[in-house]
Amino acid sequence: MKKRLGIISFFVAIFMAFIVIWNYSYQVGLEEAYTPVIETPTGNFIPSESGAFRRFDDAGLDYFNMPVDEDHQRSLATYYSNRAYPGAPPSIPHPVAKERSFGGNTCIQCHQNGGFVAKFDAYAPITPHPEMVNCRQCHVTKNTNTTFKDFNFSKPKPPEVGLGANNALVGSPPMIPHQLQMRESCISCHGGPSAPKEIRVSHPERINCRQCHLPKTNAQPNVDTSTFLRQFDQLNEK
């Protein structure tokens with residue numbers, strides 16, 4: 001008798017648990033759907049791309065409608081002549097007000113948003129990292145030509161530019177042939193009147209550069225890429 005009561009009590013407990021669970025699921029199913037609110041993450045999660053957006057958001061410069069000053073254009077030769085090697089911080093090619101001056105008080109005044117400087121008859125290059133105000137930590141002036149002696153250091157060749165230099169396919173967006181560290185704001189070098197004329201982009205209003213342009217890594221200089229070129233002219237000839 002006790003055994004039968006135990007079995008009956010067990011099934012009654014299971015049935016009651018089923019009723020409770022079913023009722024809870026039914027009530028939850030009657031609730032309206034909603035979208036959970038997620039707090040906007042803070043921090044620099046895409047450091048290689050955030051600089052481009054900051055340049056447009058903070059400066060508010062209309063790069064697309066900026067006129068090109070043909071008489072004061074920079075060239076890539078000038079760009080690289082001011083660097084010890086490709087990717088090196090450029091030296092300061094003009095006198096500085098104070099030897100221990102900081103960017104926020106001096107350098108940033110001209111190099112944050114650029115502009116024509118009549119004193120030097122040139123456009124001030126725009127820094128890609130205006131938030132780093134201790135400019136003299138990396139950028140130095142050229143004080144002498146006689147202190148150091150010549151040695152066997154050979155300056156590496158800079159990346160090639162032009163049609164087909166960094167394109168996987170004919171007409172495809174060129175890849176980025178240099179590192180992105182300290183160059184997060186693409187438009188600083190590729191847009192505006194201070195940009196070297198050989199690499200001035202034709203569409204500076206498209207600020208999400210990395211949507212089409214990818215870093216060129218693991219380059220194989222001896223690989224013949226002609227096999228991958230699309231031969232539209234030959235295929236469509238009648």
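Tutor: A nonpolar core is a set of buried Ala, Val, Leu, Ile, Met, Phe, Trp, Tyr and Cys residues joined through side-chain atoms within 4.5 Å, where buried means under 20% relative accessible area, exposed over 50% and partly exposed in between (1.4 Å probe, protein chains only). The model is predicted, so local features need pLDDT of at least 70 and side-chain atom pairs count only at pLDDT 80 or more, while totals for chains, interfaces and linings use all residues. Residues are numbered from 1 along each chain as its sequence is written, and side-chain values use heavy atoms, without hydrogens or water.

Student: In what order do the elements of the protein run from the N terminus on?

Tutor: Helices (H or I, at least four residues) and strands (E, at least two) are DSSP runs, numbered from the N terminus. The protein has six helices and two strands. Their order is α-α-α-α-β-β-α-α.

Student: What percentage of the contacts in the protein with a separation of 6 or more is accounted for by residues 24 or more positions apart?

Tutor: A contact means heavy atoms within 4.5 Å. In this protein of 238 residues, buried residues make up 21%. For contacts with a separation of 6 or more, the share from residues 24 or more positions apart is 72%.

Student: Which residues form the largest nonpolar core?

Tutor: Helix 3 provides the largest share of this core, three residues. Leu76, a core member, touches Val161, Pro196, Glu198 and Ile199, leaving aside residues up to four places away in sequence. The five residues of the core are Leu76, Tyr79, Tyr80, Cys189 and Ile199.

Student: Which residues lie nearest the centre of the largest pocket?

Tutor: A pocket is an open set of points on a 1 Å grid over the protein atoms alone, where a 1.4 Å probe fits, with protein on both sides within 12 Å along at least five of seven lines; lining residues have an atom within 4 Å of a point. The lining of the largest pocket divides into 25 nonpolar, 17 polar and five charged residues, and helix 4 (107–111) gives its largest share, five residues. Of the 47 lining residues, those nearest the centre are Pro90, Ser91, His111, Pro125 and His139.

Student: How many disulfides does the structure hold?

Tutor: A disulfide is a pair of cysteine sulfur atoms within 2.5 Å. Cys138, which is partly exposed at 42% relative accessible area, is in no disulfide, as the nearest cysteine sulfur, that of Cys135, is 9.0 Å away. Cys186, buried at 19%, is also in no disulfide, with the sulfur of Cys209 being the nearest at 3.9 Å. The number of disulfides in the structure is zero.

Student: What separation lies between the C-alpha atoms of Ile126 and Ser188?

Tutor: Ile126 is found in the loop between strand 2 and helix 5, and Ile126 is buried because its relative accessible area is 9%. Ile126 and Ser188 are 62 residues apart along the chain, yet their C-alpha atoms are separated by 5.3 Å.

Notes: Nonpolar A, V, L, I, M, F, W, Y, C, P; charged D, E, K, R; others polar.
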